[in-house]
Amino acid sequence: MKTEYRIIVVGAGIVGCSIAYHLAKFGESDVLVLEKNYISSGSTGRCAGGIRQQWSSPHNVLLAMRSVKLFERMSEETGFDIEYKQGGYLVLSYDEREASQFEENVKMQKNLGLNVELLTPNQVKRRFEYVNVEKVLLATFCPTDGHANPHLANFAYAHAAKRLGVTILTHTEVLAIEPTGSKFKVHTSRGRFESKILVNAAGAYAGQVASMLNVKLPVESYRHQILVTEPVRNFFDPMLISFSGNFYIRQTKHGHFIMGQGDKDERPGLNYNVTFRFEKDLARKICWLLPFLRKLRIVRHWSGHYNMSPDAQPIIGESAELANFYYAVGFSGHGFMLAPAVGEALAEKILFGETKHVSITELNVDRFEKSIVRETNVV
Ligand SMILES: Cc1cc2nc3c(=O)[nH]c(=O)nc-3n(C[C@H](O)[C@H](O)[C@H](O)COP(=O)(O)OP(=O)(O)OC[C@H]3O[C@@H](n4cnc5c(N)ncnc54)[C@H](O)[C@@H]3O)c2cc1C
């Protein structure tokens, strides 16, 4: 078995596979991806698959807009139907301060070229008659937002990367990493590998992987629970979300409704348990919002993690402490939708020293030395 590669990526979630795919697409296929479980076993395979460009931070908007361009051609480019649907994202506000912030956000998003509009509750009701708009103060809608099947998207990048010559080893856990100056010696559950360049795309475990190199990344992982109902006829186009209402919901291609909410009392840590309280609270809230769901049964409920950064924006770049050690971490609950643009940008940065489509300089870890402006559009 070959043990020396130019680049090793830790983690075969959608971020690691997107980086590997884009490296190979730009001509560098001497790449090894190490995954301790199986492809899509981490947060990617546990997420809701929402793809949204409506953010409060301009950088998230730009990254998401570039991602949408890449999602639009991903099925064709990778030869994998990822169940991508641009049914729009309807964002509901129940809070006065948030509603006025939405007006500011929409101005900024439009200035960046996004097709997005403000809707009154009556306008929401006319377009989406099945939504209970009681207590809604204002809404925003972007028709090019949407969703995709996260497993299929993760596998699309993994298979396309492999076709271009990338090696992906699953069930291979990175246990320790030695930087020797000119290369990294990566000790795994299946022996030792070496590379000149190392990329941390370990999702919820990104902090642990960085600490193997004594590099501190300001990230913490928090459990998020999510559930899915039995299927019904597919008719529900948009993804619905509310930050003040604390929920999101969408219908899958096969008719299931996937939904979740955050928990402000959640403590940081790697906890995969689920609670009955989550099902009870969310079911009550969602049946009030969408009364037609009342008779549907929940068929599965699971949990994953948000790897949170201090400003809820990803941390992407090269370590100032250790040359050739790159990271794409801290996605704060929106790494699925940003993965195409981030994979492309980081591959460009590694291979060409600069990005061509969207800047990631502002997302370097050194930004936390200045003031922190938190992304607010997060559930
Ligand atoms: C309930 C829920 C809903 C979400 N909804 C959305 C959404 O709608 N839209 C959106 O954009 N995002 C969403 N997210 C966030 C999204 O899932 C993540 O941001 C994204 O999947 C991160 O991708 P990743 O590749 O960085 O991480 P992961 O998919 O977690 O991949 C990291 C991989 O690294 C592997 N790994 C870790 N340590 C090691 C090691 N030592 N050795 C080898 N391998 C290792 C892990 O096994 C894992 O497979 C949601 C998350 C959750 C939990």
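The legends describe a predicted model, in which local features need pLDDT of at least 70, side-chain atom pairs count only at pLDDT 80 or more, and totals for chains, interfaces and linings use all residues. Residues are numbered from 1 along each chain as its sequence is written, and side-chain values use heavy atoms, with hydrogens and water left out.

**View 1. Division into domains.** Domain 1 comprises 4–46 + 151–219 + 311–369, and domain 2 comprises 84–145 + 222–305; these bounds come from an automatic or database domain assignment. Their centres, taken over C-alpha atoms, are separated by 30 Å.

**View 2. The interface of the two domains.** About 570 Å² is buried between domain 1 and domain 2, with carbon and sulfur atoms giving 53%; buried area is the accessible area (1.4 Å probe) that two parts lose on being put together, summed over both. In domain 1, Arg 46, Ala 204 and Tyr 205 lose the most area to domain 2, together 75% of what that side buries.

**View 3. Surroundings of the ligand.** The ligand is surrounded by 38 residues, the closest being Glu 35, Ser 43, Thr 44, Gly 335 and Met 337, each with a heavy atom within 4 Å of the ligand.

**View 4. Backbone atoms at the ligand.** A polar backbone atom of Met 337 is 2.7 Å from a ligand oxygen atom. A ligand nitrogen atom lies 3.1 Å from a polar backbone atom of Gly 333.

Terms used:
A polar contact is a pair of N or O atoms within 3.5 Å; within protein, one must be able to donate a hydrogen and the other to accept it, and residues adjacent in sequence count only if both atoms are side-chain atoms.
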